[in-house]
Amino acid sequence: MKIQDLLKTTEHRPWKIPTENWKFYQEWNNAIFLHWEVELEELKKFVPKELEMDLFEGKPWVSVVAFTMEKIRPKYFPSLSAVSDFDEINIRTYVKSGSKTGVYFLSIEGGKRFSCKIAKAISELPYRYSKIKRTANQYQSYNAAFNDKLDVRFSIGETLKTKSELDRWLTERYALFQDTKQAINAFEIHHLEWPIHHINITAIDFNYQRFKTF
């Protein structure tokens, strides 16, 4: 799909697409969504007080989104695969700022050290380098500095024909709010509605100590 056609596909959005020109393009391909309900008071320790927690039926969630980033680039520049294409894991929760809901990143793990440095410098997002390896049925990540790891083995099932309210709440997000030393940055996001497939997880080893799951 051409970018101009993507920008015209807006009927699924919760608010109007911004009138300002877009600044960056990127693709999240072959994404794996993993979700956990977590303890609110524990999660609040890692989210800026300026942001309100977004809850589903009174409960907070944390998601791990593992995917392959491709073709990331500024608007007027071509993508360079050596930098723009890499595996990535977002560890995120859900927040509100003003009238809009969005995501807040607890961490972003990137599979290329140089790409992480560039992305962090440009966006001020919490990129960290991890060794990441993926195949058609396995996604592995290890961060030696923090002893964080993800190893999930899976198979992809059929397309989910009917999405629940929770399915949409967890996946359809069109804003990002992230703290820096100076302020809370707000990013508007536009993407097509996610097609969702059933996933059959055969094994998972997950360790990330910034929150407590149950």
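Predicted model: local features only at pLDDT ≥ 70, side-chain atom pairs only at ≥ 80, totals over all residues.
Colleague: Let's begin with the whole chain. What makes its radius of gyration agree with that of a compact globule?

Modeller: For 214 residues, a compact globule would have a radius of gyration near 17 Å, and the protein chain has 17 Å, so the two agree. Along its principal axes, the C-alpha trace spans about 45 × 40 × 40 Å.

Colleague: Which secondary structure elements does the chain have?

Modeller: There are 5 helices and 12 strands. One of the strands is β3, residues 61-74, and T68 lies in it.

Colleague: Why is T68 called buried?

Modeller: Buried means under 20% relative accessible area. T68 has 16% relative accessibility, so T68 counts as buried. Across the chain, 40% of the 214 residues count as buried.

Colleague: How do you know that the side chains of T68 and D87 are joined by a polar contact?

Modeller: The cut-off for such a pair of N or O atoms is within 3.5 Å. The contact between the T68 and D87 side chains is 2.8 Å, so it passes that cut-off. Leaving out residues up to four places away in sequence, T68 also touches others, including W28, F86 and R134.

Colleague: Now for S130. Where is S130 placed?

Modeller: S130 sits in the loop between β6 (127-129) and β7 (131-134).

Colleague: And is S130 buried or exposed?

Modeller: Its relative accessibility is 1%, and the cut-off for buried is under 20%, so S130 counts as buried. Setting aside neighbours within four places in sequence, S130 is in contact with E109, G110, G111, S141, Y142 and N143.

Colleague: What makes K71 partly exposed?

Modeller: Partly exposed covers the range between the buried cut-off of 20% and the exposed cut-off of 50%. K71, which is found in strand β3, has 42% relative accessibility, so K71 counts as partly exposed.

Colleague: What is the phi of K71?

Modeller: The phi of K71 is near 60 degrees, a positive value in a residue other than glycine. Most residues other than glycine have a negative phi.

Colleague: Which phi does N147 have, and where is N147 placed?

Modeller: N147 has a positive phi of about 60 degrees, although it is not a glycine. Its place is the loop between β8 (138-143) and β9 (148-159). With a relative accessible area of 43%, N147 is partly exposed, because that value falls between 20% and 50%.

Key: Residues numbered from 1 in each chain as written. Heavy atoms only, no water. Helix = DSSP H or I, 4+ residues; strand = E, 2+ residues; numbered from the N terminus. Rg over C-alpha atoms; globule rule 2.2 N^0.38 Å. Buried < 20%, exposed > 50% of the residue type's maximum accessible area, 1.4 Å probe, protein only. Polar contact = N/O pair within 3.5 Å; in protein donor to acceptor, adjacent residues only side chain to side chain. Contact = heavy atoms within 4.5 Å.
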